[in-house]
Structures are given as structure tokens and as C-alpha cells.
Amino acid sequence: MRTRGTLRLATRGSALARRQASLVKEALEDRRYEVELVTVETTGDQIRDELIHRLGKTGAFVRELDERVLEGDLDGAIHSMKDMPTEQPEELVTAGIPERGRPGDVLITPDGSTLEELPAGATVGTSSLRRRAQLLSERDDLEVEPLRGNVDTRLEKLLAPSLQAEHQERSEADKERKGNTGDDDFEAEYDRTTDEWFDDLSELERQALGREVETEYDAIVLAQAGLERSGLAHYVDYQELPTDTFVPAPGQGALAVTAPDGETAREIKSAIDHPRSRVETTVERTILAELGGGCIAPVGIYAILQGEHVHATVTVFDRDGDESVTGSRDLPVDSHAEAAREFARDLADRGAAALIEGAREDAEGDDEGVSEEDKPEGK
């Protein structure tokens, strides 16, 4: 048991963020630490000017949790790693990285269709620049439309049109059934009434049924780890997208606890740090930092520890998925950070820097320039 009292850790307030924070809390409690989760609302206008400078403008909204830690109110903050800027305040360290969840993306459809089975012109929802470019690179006949909201909201937006259409059909069938009660030859279209059908719907489906439809999506793309941690994976049909072509965002599926450099950080690392996950995400974030893609370019980076090497795969696209620079390299574990920087410099020389600069120019003055991947997880 910790003698200095309870560890107070910041978390965002979304359902997914709370679920992910609970995973960290449970891991620490398994090591006999007392933990309190403190919800911090991520309203960027509450960050004071001097803390904007210390936290970095790019990550100001994501890193508001770290503001509370820097002020001394809390012991640490729990983040979805892919939301974290590559530059951290000098006073903070990444104290703990628990074992990573599934890093890839999934395609979700109302009827279980795969990416290959989607019809030409199908509408796929995502606000991630990376996912948009990867989808168009594989299927340039698709329409990729913005999709925002937390995980359950996005799923409701996908499911709403088909559920509402079925509800309408069933309601009309009910009326027809009532009007033909004396007709011995009448065959009902549905075995169950609309009320019986509704009673069997999940809470997610019931919420979707009442949602106003603005865009009809044939499919949406989400992070698999977020879908699974939300507890909603068993309610939908999805296809796991291959990580060699749909290379994940750096740090996707990983959680991180930031804390002031010192004894508390060392305690957290000793209690929950997963060495393999730390090596892999360090490689990914080092490459991203060296490339400088940030939130303005479609960049996928995925590293896997394999014995004495870390196999790293990188893809950098233009915004429409027409042009790309891709590469893979085995990096030595004992010098993985420096090897990652060298790999990134080589990719930059091969054209990745030009693609990122082009994306930066496209993003200037463009409200869609911020990827959903660089906003708080679950928001």
C-alpha cells in the first residue's frame, strides 16, 4: 500500500476515456496502490496563456489533463497515446505504458459487408486524414465523408438508416395485418409485431432508431481497441483491416500515464509498464516526431518487436491517397530510438517530407485539417 496516500489520476470524461482509465486503475490496484480517477473536462479555453506555451499549442486541448498535473493538483494523467503530441513538457515523463490493445482499424457495416464487397460509390465515414487516404488508395470509387462523435454516437449514425427503414416496414406490415384479420389466405410479412421486434433490440440499436439521420453511411472505420474497450464490439459486424495496407496511427491501441519526473513516475512505471509496448510505441512516436507529420498529414506508423529487432512499417500519403511513400525496416532493439530517427530521415529524403509539406499547405485555413486521430479519444 502506498504510504503517501492515494494516486489521483486525471481522465477525460467520455465513456471510452473512463473505461480506458479504469483499466489503468485496475492494473495499479492489482499492485496494491490506491487510485482515484478525477474527470477533467477538455475545454481548451480554460487553459491559461503561460500553460499553452508549456504544453504546446498543437496538443493544448488533448493535454489539458497535464495542466492539472503541472499545477500540482493531480499525480498523473491517463491518455490514449495516439492523442498525445510528440513534444511533452520537460517536467513530465511518460511514466507508464500498459500492455497495448489491438492497434489496427476495423470497417463496420450494418450487414457485415467487407471493404471489397461495398458497392461503387458507397459512403464510408471517418474524420481521420490517414484513414481517408488509405480507403481511397484501396478503393478510389468510394465516397469518404466526415464522421464525428464518440464510439456509440458513430455506431448509431451508421445503424440509424437501416433500422429506421425496417421499423417503417414493420409498422406498415402491422397495419396490414390488422386490416386482414378475417382473411384466411393472408400471410404476414413478419412473424413478430413491431413491438416484439423493438423489445429485442439492444440499447445501442434503440438509440440509433431515434437518431436524426444527416448522412447515410454504408460503412464506418474505427480503431479496434476503442471499439472493444467501449463494450460495443459484440453488437456490430466488422472486418479487421490489414495493418500492412491500413497502417495504424502511431501509438494506436496504447494507453499512457504521464507524471512529473520523480518518485511517483518511477512507481507507476514499476507497477504497470509493459516493456514490449513501450519499445514499439517509442519507435512509432520517434518516427512521427522526426517526420513532423502531426495532425496535418495522413501518416501511418506501426512497429512490432520481433526478437532482437523492431519491424517498423510507415506509409505517408497525400490527402487523396493518390501518392504515397512507404517503407519497412528492421531496427535493432538496443538502439531502436536512434535507428527510428534514421529510418524517418531516409523516408523524408525519399519524398515523405514533400508529401507532408503538401498536406500542410492544403491544411492552412482548412477546418477539416485536424484529424480525428489528434482529438481526444472518444470525443
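The questions and answers below concern a predicted model of one chain and ask how its labels follow from computed values.

Q: How do you know how the chain is built up, and what makes up its helices and strands in number?
A: The predicted chain has 11 helices and 13 strands. Buried residues account for 53% of its 379 residues, where buried stands for a relative accessible area under 20%. The chain exposes about 17800 Å², of which carbon and sulfur atoms supply 41%.

Q: What share of the contacts in the chain between residues at least 6 apart in sequence joins residues at least 24 apart?
A: That share is 70%, with a contact taken as heavy atoms within 4.5 Å.

Q: Why is the pair Glu228 and Arg102 called a salt bridge?
A: The closest N and O atoms of Glu228 and Arg102 are 3.4 Å apart, and the cut-off between a side-chain nitrogen of Lys or Arg and a carboxyl oxygen of Asp or Glu is 4 Å, so the pair qualifies. It is one of 24 salt bridges in the structure.

Q: Why are Glu228 and Arg102 called partly exposed?
A: Partly exposed covers the range between the 20% limit for buried and the 50% limit for exposed; Glu228 has a relative accessible area of 33% and therefore falls in that range, and Arg102, at 43%, does so as well.

Q: What makes Asp273 and Arg278 a salt bridge, and are these residues buried or exposed?
A: Their closest N and O atoms are 2.8 Å apart, which is within the 4 Å cut-off, so the pair counts as a salt bridge. Asp273 is buried, and so is Arg278, which means that each has a relative accessible area under 20%.

Q: Which residues are linked in a network of salt bridges?
A: Such a network links Arg100, Arg276, Glu280 and Glu284.

Q: Why is Arg32 called exposed, and what is its phi?
A: With a relative accessible area of 57%, Arg32 lies over the 50% limit and is therefore exposed. Arg32 is placed in the loop between helix H1 (15–30) and strand E2 (35–39), and has a positive phi of about 70° although it is not a glycine.

Q: What makes His309 partly exposed, and which residues is it in contact with?
A: His309, in strand E12 (residues 309–317), has 35% relative accessibility, so it falls between the 20% and 50% limits. Leaving aside neighbours within four places in sequence, His309 is in contact with Ile304, Asp330, Leu331, Pro332 and Val333.

Terms used:
Residues are numbered from 1 along each chain as its sequence is written. This is a predicted model: local features need pLDDT of at least 70, side-chain atom pairs count only at pLDDT 80 or more; totals for chains, interfaces and linings use all residues. Side-chain values use heavy atoms; hydrogens and water are left out. Buried means under 20% relative accessible area, exposed over 50%, partly exposed in between (1.4 Å probe, protein chains only). Helices (H or I, at least four residues) and strands (E, at least two) are DSSP runs, numbered from the N terminus. Accessible areas come from the Shrake-Rupley method with a 1.4 Å probe; for residues, only the protein chains shown count as cover.
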